[in-house]
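Reader: Walk me through the labels used for this model. I want each one set against its definition.

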Amino acid sequence: MAGALTIQLPNIPSAIALGGYGEANLKFLSQQTGASLVLRGQELLIAGTDKQVNLAARLVRSLENLWSKGNNISTADILTARQAIEGDRQGEFQDLQRDILAKSRRNQEIRAKTFRQRQYIEAIRKRDLTFAIGPAGTGKTYLAVVVAVQELLSNQFERLILTRPAVEAGEKLGFLPGDLQQKVNPYLRPLYDAINEFIDPEKVPNLIERGVIEVAPLAYMRGRTLDNAFVIVDEAQNTTPAQMKMVLTRLGFGSRMVITGDITQTDLPLHQQSGLTVALQILKHVEDIAFCEFTQKDVVRHPLVQRIVAAYEDHERQSISH
């Protein structure tokens, strides 16, 4: 049976938020439900079979906490809303939308967009060591930096240390112009970008000078004990087993460490095992370590990124089976 429904939205900002850029959200909702969704001013018209219309209306209403305030909606929000409906987790989904992790300098609300992201944030807060594994765009590093900066600003830690292996530079690092900071900055740019959302970029150099924030290649962690620090090891799939053991054993008193990486995206030489892969095997039964695994369903970038990740995963599975 064919059905139709009209939902009256409270104002134009809510209609813009629900529709998304170029009405991308309406197109995605249509793909997910089979219903037709059309915005006319503040009216949302939904048409299709009774089942399609019902699902589309439930998805739209479950996202009301976001669009009613004019907040951006991502494909991850829509997919999580659908998972909540199908898994009878609507109450949990409403909590997810209400739980604001932080506000950026531009007053944007930062929150988990998927159930796995929320579990990850809880793990970071509760455990001294957390591993986050999964594809690009799942918020592994970004969310770790958000939690770290909030806890640094509330004086729970004395310093924030962000590190990653400069494997792409290899031994060529010495040939790059400038001092150490200028040499490694291109490899650490994503970490700076996340910090700058919460701390005025003009204040960051002073915090670095005072040692409150340290952004350095992994090699510079050797021989140190990191007390009262929040440590984030990014791109950990590019560590060697020796490097991974070295950094894990740097964990000092009053410290917390988050290790992030995508084991499908290693830049190491073909014969070299990834320290991240080895660590996951060795530490999987060690108590008080959290392991968070993300999939393409947790990708919160452009919808096309989600499809690219899925296509690559399919290709790799077919290559293994052949």
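Author: Start with burial. Buried means under 20% relative accessible area, exposed means over 50%, and partly exposed is in between (1.4 Å probe, protein chains only). Strands (E, at least two residues) and helices (H or I, at least four) are DSSP runs, numbered from the N terminus. The model is predicted, so local features need pLDDT of at least 70 and side-chain atom pairs pLDDT 80 or more, while totals for chains, interfaces and linings use all residues. Residues are numbered from 1 along each chain as its sequence is written, and side-chain values use heavy atoms, without hydrogens or water.

Reader: What makes both faces of S8 count as covered?

Author: Look at each side in turn. Ile213, Val215 and Pro217 are on one side, Glu214 and Ala216 are on the other, and all are buried. S8 is accordingly described as mostly covered, with 5 of its 5 residues buried.

Reader: How do you know that S6 is mostly covered?

Author: By the count along residues 129-133: 5 of 5 are buried. One side of S6 holds Leu129, Phe131 and Ile133, and the other holds Thr130 and Ala132. Both faces are covered.

Reader: Why is Gln8 called exposed?

Author: Its relative accessibility is 53%, and therefore Gln8 counts as exposed. Gln8 belongs to strand S1, residues 2-8.

Reader: Which residues does Gln8 touch, leaving out those up to four places away in sequence?

Author: Gln42 and Glu43. Contact means heavy atoms within 4.5 Å. As for Gly41, 33 residues away along the chain, its C-alpha atom is separated from that of Gln8 by 9.5 Å.

Reader: What makes S7 and S8 a pair?

Author: Two strands pair if DSSP finds at least two bridges between them. S7 (residues 159-164) and S8 have 5 bridges and run parallel. Leu162 has Val215 in S8 as its bridge partner, and Thr163 stands opposite Ala216.

Reader: Which strands pair with S6 in the parallel sense?

Author: S10 (residues 256-261) is one, over 5 bridges. S11 (residues 289-293) is another, also over 5 bridges. Thr130 stands opposite Val258 in S10. Leu129 has Ile289 in S11 as its bridge partner.

Reader: Why are S8 and S11 said to stand at the edges?

Author: Follow the order of the open sheet: S8-S7-S9-S10-S6-S11, 6 strands with parallel pairing. S8 and S11 each have a single partner strand, so one side of each lacks a neighbour in the sheet. From one strand to the next the twist averages 15 degrees.

Reader: Which strands does helix H8 lie across?

Author: H8 (residues 140-153) lies across S6, S7, S8, S9 (229-233) and S10. H8 runs at about 170 degrees to S9. Axes are lines fitted to C-alpha atoms, for helices over the stretch in contact, and angles run from 0 to 180 degrees between N-to-C directions. Helix H12 (residues 275-283) lies across S6, S10 and S11, at about 125 degrees to S6.

Reader: Why are H5 and H6 called roughly antiparallel?

Author: Angles under 35 degrees count as roughly parallel, over 145 as roughly antiparallel, 65 to 115 as roughly perpendicular, and the rest as oblique. The axes of H5 (residues 75-86) and H6 (residues 90-98) cross at roughly 150 degrees and come within 8 Å. The two helices are therefore roughly antiparallel. Asp77, Thr80, Ala81, Ala84 and Ile85 of H5 make the contact with Gln90, Phe93 and Leu96 of H6.

Reader: How does the contact of H5 with H6 divide by class?

Author: It has 5 nonpolar, 2 polar and 1 charged residues. Ala, Val, Leu, Ile, Met, Phe, Trp, Tyr, Cys and Pro count as nonpolar, Asp, Glu, Lys and Arg as charged, and the others, Gly among them, as polar.

Reader: What makes H2 oblique to H3?

Author: H2 (residues 24-33) and H3 (residues 50-62) pack at about 135 degrees, with axes 9 Å apart. The angle therefore makes H2 oblique to H3. Leu29, Gln32 and Thr33 in H2 meet Gln52, Leu55, Ala56, Leu59 and Val60 in H3. By class, 5 are nonpolar, 3 polar and none charged.

Reader: Why is H1 called oblique to H2?

Author: The axes of H1 (residues 12-19) and H2 cross at roughly 55 degrees and come within 5 Å. H1 is therefore oblique to H2. Ala17, Leu18 and Gly19 of H1 contact Ala24, Asn25, Leu26 and Leu29 of H2. The classes are 5 nonpolar, 2 polar and no charged residues.
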